[in-house]
Amino acid sequence: MSSLIVKIVKINKIEKHPNADRLQIAYMEDNDWSVVIGLNQFKVGNLAIYVPVDSLLDEKLENYLFPLDSKIKLNNHRVRAIKIRSYISVGMFVELTQELISLYPELSKKKSGEDVASLLNIQKYEPPIRNLPKNMQGRIAKRNHSLFKKYTDIENIKFFTNVILIDEMVQISEKCHGSNSRYAVLPTETISFWNKIKKFLRLLPKKEFLIGSHNIQLNINKKLYYDRNIYKDYKKILKTLKFNNYISQELAFDVDADNIICDHPKNKSVCKKCLNKIYKAALKMKGEINDLGFKKIEIVYSGRGFHVHVMDKKASLLSVKERSSLNKKFKKFPIDPWVSRGYIRLIRMPYSLNSLVSRKTMPIKTKKFSSKTGVPKFLKN
Ligand SMILES: [Zn+2]
């Protein structure tokens, strides 16, 4: 999060506005932004307050700067870059008038170069955190690592025109617009109860790996999947990442608790009752797949449902069209059709931990299913 600096600056250059006679362009010392001003509103050498883009004004200041009859109005109290007669004006200059000083008497003591953001109660606008997709919402970390924000704490170079000198060596990095992700390895912060115990037992790693976006730190959700595709040359696939170039794909059906109605509490994704219900469906499905001439069928408990793996070679050679007609045949079962249609290649690795529900992904070898299946050791004690 970059900080907000609202400085008193000296105007050092004024130019004609290219498209308007009653407007001018003004520049300031030690700062590279240009601002559209009214004709003769300022003279070179005048002091002004430079209010940068993304400043949020409070009611008092906004009412003073944009009284009822003002042509310009702010949207949600926020100063933005605006085009005035096709010229982009970045931020605004506020005149140090007697009226302003009577509203903020402390201003009279301030000199050129001083920051007056807190004096004028100007806040920095931060974009709201967008609603995450449902399956991501539980992943936002409740506590953020105190150092994780630091690396995006970068100010725009236009605020610091003299920071890089001619012939100075610099490192250039590129900012891609439209997306932001952060990854960091930082010293572990002993915050959680478990971490404190681990630290006491000297089991706490010195460093931790963190992921997140610009505003959010995520809990790391470790998952282990395997690829159902068989490739002719997997090394080539790993180079090109063209995973749709495969010879065959293991057929698997995802029988999911989400697909049946159950009266378990809303904060739970699954319960004993619906698990037993869908296990019955998976068993019945296994029988029907068997009737179609497939022999190697395994049911795997996924933590929130079941995966029915069909391991026969002829099943792996089925086309997308044939898989779709199988989906149609099994429409009565609570399956996610996209898993068996052939477009999705990854599936949970048996015996791996499903961290969403803290259950192990377990192949079921007996006819009877117990909801205790897959409860990992660390929960049994
Ligand atoms: Zn349920």
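Into which domains is the protein divided? In this predicted model, the division comprises domain 1 (7-124), domain 2 (136-161 + 180-218) and domain 3 (225-380). A distance of 62 Å separates the C-alpha centres of domain 1 and domain 3.

Strand β2 (residues 20-28) runs antiparallel to strand β3 (residues 31-38), and six bridges join the two. Within this pair, Ala26 is placed opposite Val35 in β3. The two strands make up a hairpin in which two residues lie between β2 and β3. Asp30, located in the turn, has a positive phi of about 55°.

Lys73 lies in the loop that connects α1 (59-65) with β6 (82-84). Lys73 is classed as exposed because 8 other C-beta atoms are found within 10 Å, the cut-off for this class being 12 or fewer. Along the chain, Lys73 and Asp167 are 94 residues apart, and their C-alpha atoms are separated by 44 Å.

An open sheet is formed by three strands with antiparallel pairing, in the order β10-β11-β12. Its edge strands are β10 (182-187) and β12 (217-218), each of which pairs on one side only. Strand β11 (residues 207-212) is joined to β12 by two bridges, and these strands run antiparallel. At this pairing, Gly212 is positioned opposite Gln217 in β12.

Conventions. Residues are numbered from 1 along each chain as its sequence is written. This is a predicted model: local features need pLDDT of at least 70, side-chain atom pairs count only at pLDDT 80 or more; totals for chains, interfaces and linings use all residues. Domain bounds come from an automatic or database domain assignment. Two strands pair if DSSP finds at least two bridges between them. Helices (H or I, at least four residues) and strands (E, at least two) are DSSP runs, numbered from the N terminus. A residue is buried if 20 or more other C-beta atoms lie within 10 Å of its own, exposed if 12 or fewer, and partly exposed in between; C-beta atoms are placed from the backbone.
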